[in-house]
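Please keep the model open while reading.

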Amino acid sequence: MPFTVKNERKEVLFHDETVMCPEYYQGRDLTERHHKLDLKAGNAEFSEICFDGVLMGFGRASIREKLEVESHDTLKRVGMHFMLKGEVTAKIRSARKTFHTRQHEHNLVYSPEPEEQVSVEKQPEINVFALTFLKERFIELAYHNGPVLERYGESVELDRPVFPDHAYQMTHRMLQVIDEVKNCHFTGGLKKLFLQSKAIELLALQCEQIELYDGSRQQKPVFGRSDEEKIRYARDLLLANAQQPLSLADLSRQAGLNEFKLKSGFRKVFNNTVFGYLSEHRLEEAQRLIRAGDRSFTEIADDLGYSSLQHFSHAFRKKYGCSPRDFQAR
């Protein structure tokens, strides 16, 4: 991520043009890097670990004069920042306001704008832990995992900014989890598995705290009557095209919903996923056609959109515990 460090006089003290590609963060193997910066105005060390669209980083800095750090990040990421010591002020263009994060405070931020500016006052020590999710990874985690995550996930999918409206205090468990990450003794695949669990735990702890705070306030409904009508229309479209199912993108567009709301809405209205609902419908229709007895199994499989008789038989057995032929013989 290209960034520039300036002093109060707007003099450039350091500039780095490094651009990180999405593949670096999406790799299945765990990757670790360490950065060090020594300037007359201050020094800093930062370590980062990334895997599967997740980046964990922890750093320490000593600031000898007020600094401005300007960054330009072309990757779309949701960031969680935990200030263990010190304080910083961030100005993000899409927010049109500044965010002040002090010791033992945390936040969750998503900005569709690539520019960010952080002001750091003179201070003996800053200690920060950061947890970042690529946009697609965050949306995947947000789906059907509570009202706060669903609300944030929908905003992120639509490229709407997400910012805290006030500072949240770090809990004792958050501090424990961060300490466990820093002192992880696992290596290789076990280390990745351990860190994955800690990333998700921190996200859950943060959302739990926000949920408790938001519970005392009136929230705008995430899912209304108009949305339910659109979900039912999407269901009708799905079934009308059962032989050649529409993609989620096409189904969302024709129903007038974004993909996130389509998926979460199916869960709310039908207690099933979009294609899980289609699969249930196909198998129920298969039962009816088998009972009618006027079509072969191959014809039924073809009429219901199965790629082969074998695929149809496997799905039928998995659902009902017997083959189509055994079902017919009952």
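A residue is called buried under 20% relative accessible area, exposed over 50% and partly exposed in between, with a 1.4 Å probe and protein chains only. The model is predicted: local features need pLDDT of at least 70, side-chain atom pairs count only at pLDDT 80 or more, and totals for chains, interfaces and linings use all residues. Residues are numbered from 1 along each chain as its sequence is written, and side-chain values use heavy atoms, leaving out hydrogens and water.

Helices (H or I, at least four residues) and strands (E, at least two) are DSSP runs numbered from the N terminus. Phe266 and Phe270 are separated by about one helical turn because they stand four residues apart in helix 8 (residues 259-270).

Aromatic pairing is the next topic. Rings of Phe, Tyr and Trp (its six-membered ring) pair if their centres lie within 6.5 Å; planes under 30 degrees apart count as stacked, over 60 as edge-to-face and the rest as tilted. The structure contains 14 aromatic pairs. In one of them, Phe99 and Phe163 are stacked, at 5.1 Å centre to centre with 25° between the planes. This pair links distant parts of the chain, 64 residues apart: Phe99 belongs to strand 9 (residues 97-101), and Phe163 to the loop between helix 3 (147-157) and strand 13 (168-169). Phe99 is buried, its relative accessible area being 10%. The Phe266 and Phe270 rings have planes at 55° and centres 5.1 Å apart, so this pair is tilted.

Ring pairs also join Tyr306, Phe312, Phe316, Tyr320 and Phe327 into a cluster.
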